[in-house]
Amino acid sequence: MLQPRTHLAGFLACCALALVLLSGCAVRYQQGLPPGMQGVFVPDTYQGRFIELETEGERNWVLNLDELALQALKNGDHDLAKRALDEAILLIEIIYGDSDQAQRARTLFFEEDSKIFKGDPYERSMTYFYRGVLYMNDADWDNARACFRSAILQDAFTEESQNAGDWAIFDYLIGVCEVRLGRPDYAQEAFARAQKTYAGFRDRYYDLSGDSMSRLQVGEFLPPFTPLDNLLVLVQTGTAPKKVAEGNYGEFLAFLPGRGTGGRPDISVDGRPAGAPVVADSLFYQAATRGGRELDAILGRQAQFKEGTEAVATTSAYAGAVVLNEGLRHRDDDTAVAGAILLAAGIIVQGLSDLMKPNADVRAWTTLPDAIGAWPAMLPAGEHKVSVGYGSGPASAIVDLSNPGTGLTVLLAFPAPNQTLVAPQKKQEWILAPERTEP
């Protein structure tokens, strides 16, 4: 028959085993390149990005794909940008489905920054924005419109409905697509939604943004777009919002405005001033006005649980140590066992508390701009040099507007560093692997 001291030793051994099992919990993520990027032949320019994709693996696939796409877009490598954005979109949609990945991403027991990055709503929306612009460059108005609608839906994942789906630029671009598709009634509806949303943004923008953002000009109305317009310049300014963790355990995600541009960018055509874009949306505004996040609530509950369990663990472990010491000192096995149980309970609860990681995820798509402006125009047929001045020097592109009234050229301007004006690609300069057809 086992003696009480044997019971005590066995109990403590079981507790030690439980702690080992608790501390050994870990998440394993797939390594290597995303399936849709395997076998892609790229210039040396992108080797660093592909190394990041491969070494950081599934946990940061979407983030690295987004940043790869923007690098390729700035360089005029539209095929690579499309491939990266298509893969990022597929991964975003998989994560937001009913897959095991989605369940794992929602678990409470792993730190936020160890989970699969899917982006905050404004980041996911911008993934669809860039893909939509590339569809516009290909005159694929149906798919472009679908991307801008998806961008609005990603924002609709926010928890406070009054701030969900409130991007003016996406409804505006949907209206542009409807114009090109020859659907004036639908275009009018989209432009009306955009203007209504823009009015709310315009009225709250300065109060929210403060001095760091007030240098950007917000107009009274969005610029009208007509079927005769053959040029649309989308001007990006500033830098991405900054994510910071707040709270006792860093459990709450907050946003700070990025850096402004130092002035309003002006547009010139063939060396002559032609106007300025109207700021249609701010990414900081979108990040900061989406209301309380469900994730914040979960992390807040985690922090409360952590505080509670730490208090219980400390009290139980202290009381158990005192009782155990008394039992051993007086050779009272029953008291010693009772003390050991209390001590072990405190240790196990502390282990659970240590597993609870309420830290907010502050990984961010840092190469995004702060704001997006629009400038439509109807120019004479022929080639034109279009420039966007950012203060430190203009970004220019030559565009061929041979068929005014029947076609539309979309230019996308990127701010410093390396300000760039991206025009539609005329030819493919290198070969990609076959298109990915299955998830």
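These notebook entries record what I looked up in a predicted model.

**Conventions.** I number residues from 1 along each chain as its sequence is written, and I use heavy atoms for side-chain values, leaving out hydrogens and water. Local features need pLDDT of at least 70 and side-chain atom pairs count only at pLDDT 80 or more, while totals for chains, interfaces and linings use all residues.

**Helix 2 and helix 3.** I looked up how helix 2 (residues 47-56) packs with helix 3 (residues 61-74): the angle is about 175° and the axes are 9 Å apart. Helices (H or I, at least four residues) and strands (E, at least two) are DSSP runs, numbered from the N terminus. Axes are lines fitted to C-alpha atoms, for helices over the stretch in contact, and angles run from 0 to 180 degrees between N-to-C directions. The two helices are therefore roughly antiparallel (over 145 degrees). Contact means heavy atoms within 4.5 Å. I listed R49, F50, E52, L53 and E56 on helix 2, and W61, N64, L65, E67, L68 and Q71 on helix 3.

**T367.** I found T367 in the loop between helix 12 (333-355) and strand 7 (371-377). T367 is partly exposed because its relative accessibility is 29% (the class between under 20%, buried, and over 50%, exposed; 1.4 Å probe, protein chains only). Not counting residues up to four places away in sequence, T367 touches E67 and L70. The C-alpha atoms of T367 and L70 are 7.6 Å apart, at a separation of 297 residues along the chain.

**Q286.** I placed Q286 in helix 10 (residues 283-288). Q286 counts as buried because its relative accessibility is 1%. Leaving aside neighbours within four places in sequence, I noted contacts of Q286 with Y122, D155, D166, W167 and D281.

Key. Angles under 35 degrees count as roughly parallel, over 145 as roughly antiparallel, 65 to 115 as roughly perpendicular and the rest as oblique.
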